[in-house]
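Dear colleague,

Please find below the structure that I am handing over to you. My notes on what was found in it follow.

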Amino acid sequence: MTMATALKTHSDIADSLAMKRRGLTLTLLTLTYFFSYMDRQILAILLERIKADLVLTDTQLGLLSGLVFAIFYATLGIPVARLADRTSRRNIIAVSLTIWSAMTAMCGLAQNFTQLMLFRIGVGIGEAGSSPPSHSIIADLYPPEKRAGAMAVYSLGVVLGAGFGTLIGGVVAHSYGWRVAMMTVGLPGIALAVLVRLFMVEPRRGLSDAGPVAAPAPMPSVAQGFASMWASAPARHLVVGVTLTSMIGYALTGWGPSFMQRSLGISMLDVSRYIALPGALFGAISALAGGKIADVLARRHGLHVQSWVVFVMKGLSLPFALAFYLIDVPAIAIGSYFVYLIFANSYLGPSFALIQHLAPLKTRAMWAAITLLVINLVGLGLGPTMVGWLSDLLKPTFGEESLRYALVIIVMMTPWALYHYWRAGVLLKRAEDQAALATA
């Protein structure tokens, strides 16, 4: 057996193992994302307790939920993605998970705003190493026609992590205080990091893409990654659309539990016990259904339809979001909230799948990181922070109801996001039609 034959045989075995374990790999990535959002979202249910304990303003709470976390989480995603396009993505994920889990637990030791801010920065630094390599691995394990569904499964980590973070945080804080709650959700992530390192398989880059794999080429620079994404008009619209949508969503997840306590009169424990898990269930259905519908329609009509699926689903969610914020009757408001969640997370799988589809093979992790940089600096950074600032600004006029109207202002940005999804679909269809003509 020649050296070349031996190498080819070894590569075939590695590819076979990666595909055989892709379900396990997707499960571990989803669990990692779950812990990421659980550690991030637990702050939301604890805000009122932390505000009273440390004597903070809504603006400070918004900073802790948004900008303070997002600056480090977003900006460090670029160098992490650069590293992920060169080295083992599995190892990066395992190390990152260990860091943010430990920092979440240490949040429970904070005695003032500055200390809590520093620990939240640590959480952001750790979480920066999760999503870009995860997106890249999923894109290598699943072909384009199945990628939205796989991304939707991965995105379950968002809704389930947020739900369980709220549930566990509220129940534990009710009995033992918010500090113990932080430690309870943080420490188990370290054990998961060991499982990721031991059982996740690193797939070959381009494993699930059709056609021959291109010969190795010099790794593009960060500037080239930005330039290649900017040059793609559909990608530009998708990034703007997903960023605005995320900003609206982060505003709700960051301040929703506080709004329910302040304006609807629902206790922290009741939010945790009776709203968090049903909300996570409806959000999970939305994410899975959005990915599945997008995959089925894409196989029949082309990938451009995935962008229009988001346009329709998010458009249907808008009136229910407004009803949740504006109706004073708790039962009707919470019912509207659940209906909103059925549509709200449908954008996750199709958005990230389309961006990975448009990305050049060698820059998939980089494109994911650039997307997440914009999403998190603008969406996560400004969403909760703007709500806190608007709430303090409106307080002289609306008193304790200022948070309600701050959230309404943010949700009214939904039509702006819808335009970009519609436009991305138009441009993608145009490109598909041109490719079909060229082939003919």
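T245 is found in helix α13 (residues 233–262); helices are DSSP runs of H or I with at least four residues, numbered from the N terminus. This is a predicted model, in which local features need pLDDT of at least 70, side-chain atom pairs count only at pLDDT 80 or more, and totals for chains, interfaces and linings use all residues. Residues are numbered from 1 along each chain as its sequence is written, and side-chain values use heavy atoms, with hydrogens and water left out.

T245 counts as buried because its relative accessibility is 4%. Buried means under 20% relative accessible area, exposed over 50%, and partly exposed in between (1.4 Å probe, protein chains only). Apart from neighbours within four places in sequence, T245 is in contact with K314, Y347, A417 and Y421, where contact means heavy atoms within 4.5 Å.

Helix α19 (residues 402–411) is largely enclosed by the rest of the structure, because eight of its ten residues are buried. Among them are L403, R404 and V408.

V296 is found in helix α14 and is partly exposed, with a relative accessible area of 24%. From C-alpha to C-alpha, V296 and N112 lie 51 Å apart in space, and they are separated by 184 residues in sequence.

K146 lies in helix α9 (residues 144–176). K146 is partly exposed, at 42% relative accessible area.

Yours sincerely

Technical notes:
Helix = DSSP H or I, 4+ residues; strand = E, 2+ residues; numbered from the N terminus.
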